[in-house]
Every structure is written in C-alpha cells, then in structure tokens.
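Please look over the sequence and the model below before reading on.

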Amino acid sequence: TLGYAAFRSVGLSSEGGIGSVGDGEDDEAGEMQMWSALVFIVVASTALILIFYFMTAMSVLITIIFCFSSTMALSNLIYPYVERITKYRWSYDVELPALGAVPCLALIIAPFSASVVIAWLVTKHWIFNNILGFSLCVFFLCNIRLSSVKVATALLCMAFCYDIFWVFLSKHVFGQNVMVKVAVGLDVPMKLQVPLMLAHGPNDFTIIGLGDMVLPGLLVCFALRYDMLAGRGATNGFFVVSMVFYAIGLTLCEIIVGTTHISQPAMIYLVPCT
C-alpha cells in the first residue's frame, strides 16, 4: 500500500485525471507545516473524545462521512486507469449546477464506486472494507505531503505520544481505554483486515489502522520525492530504507501481538523503526 501510494504521489504510476497524480497534482498537493501537524494531532484527540462520549451519534455521522469520502477516494484511485482503457474518450468536462466543471468520466465512475460502498454497508465484508481503506490511504498520501524532515519528526513523535496516551494511559483519566472502546465501537473502513492463515474461526483477522499506514506513509512519500529530486532513483536511496524499516517495525508489532495476545499500538514500533 505505501509503496504504491508513494509512487502515485510523485506521478510515476498514472497520468492525469480527476485527482491527477501526475506532475500537476504533486505541485498542488497540500503541504503539512509544523502548525498543521500539531493541529492534526489535536483534532484527532478531540474527535476521539467526542466519539468516546457520543458513540451512537458520532458513529452515524462518521459512517456518512466515510461513505462520501470513500466514494471519492475509490473514484480517484481508478480514474486514470479507466481513462487510459477508454482512450480518453470521456475526458472532457461537463457543467453541473453548483459544482461547475466536472469530468464526464468522473460521473460515469461514481456509480461504480458508490456501489462498492453500498456493498460494504450491506455485507461489512473485509474485502470491501480493504478496498475502501486502501483507496482512502492512497487518496490521503497523494493529496497531503510533508514540507520537511523536521515536520515529519515532529508529527511522528506526537503520533507516538498520542498512541501511548490513548492506549495505555487514557483509562486512568477517563475510566476506560478510550482507543479500544472507539476501535471496537466504530465499524468504518479505518483499518485493513487480513485473515489469519492459522485462524480458528471466520472472524480471526490481523488488523492495521489507516493511521498506522498514513502517518509513516507521509515520511515514505517524502523520502521517495527527495530521492527523485536528488537523482538517486527509487531503489538506491532513502525510500527503500524507509520501506524496509517500516516493514521491520510492522513485523515486530505483529510478533509482539502474536506472542502476548495483547493489542499493541503499532506506532510505538513503527515510529522508532521508520
């Protein structure tokens, strides 16, 4: 997921289209500065508290938000491929009231993307969940980028402390483990689910949250962008190193979870490794 998103973010795997991942989108991607990294963590913490106290209402609201954002993200993911398959036949804009110019192909793809979201809503199947989660992860990493290594360091260090507090310390403040309650109570594609090979039942999955991919993924994308600008290529620079150590951190987390059978916040392994 991170490798694909990184190459997509620098425009190496597709051409043009809605949410283009070519050179134009890379130039227009929103840059995360130091202040926005702090705001990101504060907003995430505030949202966690609101969901914790108002689970039912927030669950409905977040499900609606995720349905719309997942439809847009999935459309963005497949747009350039459909555009090439159709030989750019539908690559023209149409004027819509209130929306302005909208690519015709986007209107054709939207019902398909919406049908995948509806299929997830009806079945809650892990395959549909993973398709939407993958789309959201790629969409975020293609549209948000880090402005410097200093911002990356600050963001990941704050995410490290965020995970430690909400997983291990929140029980002493709020009376319950806030992160666990929210993770169990919310049923939205905020995670990827992979069935265990030695599962004892149909619902045995290993799970990784989208935040555990997106936040380190911002650094991975930054590393690839730096390597490209430095003329190193994708295989002999910081990108490969960051991907390898991300995999090591994720593997270490899975080993700890598998041996202790206790849920672990992945960021406490991913941040030091990445």
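**Briefing on the predicted model**

Lys191 lies in strand 5, which spans residues 191-195, where strands (E, at least two residues) and helices (H or I, at least four) are DSSP runs numbered from the N terminus. This is a predicted model, in which local features need pLDDT of at least 70 and side-chain atom pairs count only at pLDDT 80 or more, while totals for chains, interfaces and linings use all residues. Residues are numbered from 1 along each chain as its sequence is written, and side-chain values use heavy atoms, with hydrogens and water left out.

**Surroundings of Lys191**
- Lys191 counts as buried because its relative accessibility is 16% (buried means under 20% relative accessible area, exposed over 50%, and partly exposed in between, with a 1.4 Å probe and protein chains only).
- Apart from neighbours within four places in sequence, Lys191 is in contact with Asn129, Asn130, Leu186, Ile207, Ile208, Gly209 and Leu210, contact meaning heavy atoms within 4.5 Å.

**Helix packing**
- The axes of helix 9 (residues 211-229) and helix 10 come within 7 Å and cross at roughly 160°, the axes being lines fitted to C-alpha atoms over the stretch in contact, with angles running from 0 to 180 degrees between N-to-C directions.
- Helix 9 is therefore roughly antiparallel to helix 10 (angles under 35 degrees count as roughly parallel, over 145 as roughly antiparallel, 65 to 115 as roughly perpendicular and the rest as oblique).
- Residues making this contact include Pro216, Val220 and Leu224 of helix 9, and Phe238, Phe239 and Tyr246 of helix 10.
- Helix 3 (residues 34-53) and helix 4 pack with their axes 5 Å apart and at an angle of about 120°, so the two helices, helix 3 and helix 4, are oblique to each other.
- In this second pair, Leu50, Ile51, Phe52 and Tyr53 of helix 3 meet Met55, Met58 and Ile62 of helix 4.

**Surface of helix 10**
- Ile248, found in helix 10 (residues 238-260), counts as partly exposed because its relative accessibility is 41%.

**Positive phi values**
- Most residues other than glycine have a negative phi.
- Lys87, in the loop between helix 4 (55-85) and strand 2 (93-96), has a positive phi near 55° and is exposed, with a relative accessible area of 67%.
- Lys124, in the loop between helix 5 (104-123) and helix 6 (126-143), also has a positive phi, near 55°, and counts as partly exposed at 35% relative accessibility.
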